Amino acid sequence: MTPATIDLDEAQRHVWDAIVVGAGPAGALAARRFALAGVNVLLVDKKAFPRAKVCGSCVNRRALAVLNDEGLGTLVDRIGGIALEHFHLGVRGCSIHRHALLGKAISRTRFDNALVEAAIAAGARFLAETHATIEVCDNTTRGVRLERHGRTIHARARVVAAASGLGNAALEGEPSIRTRIAARSRIGAGRVVDAGSSAYNDKTIHMAIGRHGYVGLVRVEDGSLNVAAAFDKAFIKACESSARAAAAILREAGFPAIQSDDDGSWRGTVALSRSTRPVAARRLIILGDAAGYIEPFTGEGIGWALSSASAGVPIALEGIERWTSAIEREWIETHRLLIGRSTLVCRGLAFTLRRPRLAGLVAKLAERTPAIADMIIRRINASPTVCPQISN
Ligand SMILES: Cc1cc2nc3c(=O)[nH]c(=O)nc-3n(C[C@H](O)[C@H](O)[C@H](O)COP(=O)(O)OP(=O)(O)OC[C@H]3O[C@@H](n4cnc5c(N)ncnc54)[C@H](O)[C@@H]3O)c2cc1C
């Protein structure tokens with residue numbers, strides 16, 4: 001277990017250079033970058049670490065490239081990441097198999113904990129099991145309310161990075177920032193199946209697509225099967241459980257059932273498709289999913305989260321001495337160029353997947369013209385390395 005490295009009293013005693021709210025990939029990498037820049041930084045998460053997170057557990061090549069640039073190129077291998085070399089898609093009677101270098105599979109429990117440990121090793125202080133709410137800003141600092149085990153304190157920092165993921169309750173204290181949730185947003189769900197179940201090969205991303213959602217399955221470092229899904233809200237309601245919704249989609253795609261699937265082992269998320277704007281305010285920048293998310297189909301969220309931390313911290317560092325509105329504009333524009341543009345493929349696929357006939361047509365085309373499947377995979381991974389087709 002990664003223990004807190006500081007208590008509430010000490011957190012209140014300092015004026016921090018930076019407080020980072022949320023210790024997922026965006027927050028942990030941001031805290032590490034702040035620490036490596038020599039500023040004093042507090043990383044806060046509401047959960048005890050290590051913690052699980054609903055996710056497909058695929059760290060794509062873009063994410064691996066950011067880790068490499070940050071000097072963490074060996075992290076995923078060191079903690080047991082499994083190279084993903086095959087892609088298996090089932091949709092409307094089509095079964096597409098491609099051989100491609102797709103990144104690494106690693107459980108989020110282990111991956112996120114390793115990033116937090118890297119941040120602590122760089123000098124960040126870590127406060128787990130602490131709920132943070134970002135408060136108003138005065139001339140020189142921004143407040144952050146911290147609640148831990150029934151006690152509340154008010155900490156202050158020259159810069160705050162909000163990396164609190166989809167829920168965004170942390171941002172409720174900043175009135176200039178609003179989150180818009182897409183009307184037809186899907187919701188996420190996931191579970192882990194014991195290593196014993198053998199129907200799904202390792203080193204492979206299995207993706208089952210149905211009319212009302214999709215289910216992705218990969219084996220992670222201990223051999224267990226990580227299952228992650230996005231469902232239409234009405235479909236879950238009609239199925240009465242995530243387990244039944246997933247079973248229906250796997251059947252529709254012609255995939256084997258998951259062994260011993262009971263609903264109690266599924267965890268759900270809030271609505272997925274959302275956008276939070278603006279992504280900066282006085283002495284505040286927003287990173288990762290907290291700034292918005294589309295859908296998990298393309299498995300890019302970790303890459304976006306890491307990229308935003310890597311690009312956002314150097315900008316925030318400028319504001320520690322003296323914050324100006326130019327810093328806010330710089331992060332808003334950088335975020336638009338960095339993340340906004342790279343979400344186009346994901347948006348296009350999300351649009352297609354909601355139209356069963358169109359999805360069927362694209363699948364048929366990809367089944368017959370492997371170059372199309374490869375083009376999509378390549379675009380998602382931001383990588384030119386897709387190997388020739390091995391089966392169809
Ligand atoms: C079903 C599904 C499958 C996915 N599959 C993939 C995939 O295969 N590959 C991929 O790259 N991406 C995938 N994603 C997306 C990926 O999970 C996210 O994009 C990524 O986790 C974003 O990282 P983050 O650091 O922004 O937020 P998170 O990882 O959500 O971390 C946010 C952290 O903030 C903490 N927090 C929240 N509120 C507070 C508060 N008020 N105070 C203190 N702490 C707080 C939370 O406890 C959490 O630890 C998937 C998502 C879903 C839903």
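Author: We'll take the domains, then the ligand, the core and the strands. Keep in mind that this is a predicted model.

Reader: Okay, domains. Which residues belong to domain 1 and domain 2?

Author: The domain assignment gives domain 1 as 8-53 + 110-182 + 274-344. Domain 2 is 58-106 + 186-271 + 355-381.

Reader: What separates the centres of domain 1 and domain 2?

Author: The centres, taken over C-alpha atoms, are 28 Å apart.

Reader: And how many residues are in contact between them?

Author: On the domain 1 side, 20 residues are in contact with 23 residues of domain 2. Helix H5 (108-122) and helix H8 (301-321) each supply at least two residues of that domain 1 side. H8 gives the most, with five residues.

Reader: What classes of residue are on the side of domain 1 that touches domain 2?

Author: That side has 10 nonpolar, six polar and four charged residues.

Reader: Switching to the ligand. How many residues surround it, and which are the closest?

Author: The ligand is surrounded by 44 residues. The closest are Gly 24, Gly 56, Gly 165, Gly 288 and Gly 301.

Reader: Which elements give two or more residues to that shell?

Author: They are helix H2 (25-36), strand S9 (131-137), strand S13 (187-193), strand S16 (225-231) and H8. H8 gives the most to the shell around the ligand, with four residues.

Reader: Now the inside. How many residues has the largest nonpolar core?

Author: The largest nonpolar core has 124 residues. Ala 162 and Leu 287 have the most contacts inside it. This core also draws at least three residues from each of domain 1 and domain 2.

Reader: What about S14? How many of its residues are buried?

Author: Strand S14 (residues 204-210) has seven of its seven residues buried. Both faces are covered. Thr 204, His 206, Ala 208 and Gly 210 are on one side. Ile 205, Met 207 and Ile 209 are on the other.

Reader: Do the partners of S14 run parallel or antiparallel?

Author: Strand S5 (residues 86-91) runs parallel to S14, and six bridges join them. Leu 89 has Met 207 in S14 as its bridge partner. Strand S15 (residues 213-219) runs antiparallel to S14, with five bridges. In that pair, Ala 208 is partnered by Val 215.

Reader: What joins S14 to S15?

Author: A hairpin does, through two residues.

Reader: Last topic, open sheets. What is the order of the one with S3 in it?

Author: The order is S3-S7-S4, with antiparallel pairing. Strand S3 (58-59) and strand S4 (82-83) each have a single partner strand, so one side of each is left without a neighbour in the sheet.

Reader: How many bridges pair S3 and S7?

Author: Two bridges pair S3 with strand S7 (residues 104-105). Val 59 stands opposite Lys 104 in S7.

Reader: And the open sheet with S18?

Author: That sheet has three strands in the order S12-S18-S21, and the pairing is antiparallel. Strand S12 (178-181) and strand S21 (292-293) are the edge strands, each pairing on one side only. Two bridges join strand S18 (residues 274-277) to S21. Ser 275 has Gly 292 as its bridge partner in S21.

Technical notes: Residues are numbered from 1 along each chain as its sequence is written. This is a predicted model: local features need pLDDT of at least 70, side-chain atom pairs count only at pLDDT 80 or more; totals for chains, interfaces and linings use all residues. Domain bounds come from an automatic or database domain assignment. Two residues are in contact if their C-beta atoms, placed from the backbone, lie within 7 Å. Ala, Val, Leu, Ile, Met, Phe, Trp, Tyr, Cys and Pro count as nonpolar, Asp, Glu, Lys and Arg as charged, and the others, Gly among them, as polar. A residue is near a molecule or strand if its C-beta atom, placed from the backbone, lies within 6 Å of it. A nonpolar core is a set of buried Ala, Val, Leu, Ile, Met, Phe, Trp, Tyr and Cys residues joined through C-beta atoms within 7 Å. A residue is buried if 20 or more other C-beta atoms lie within 10 Å of its own, exposed if 12 or fewer, and partly exposed in between; C-beta atoms are placed from the backbone. Two strands pair if DSSP finds at least two bridges between them.
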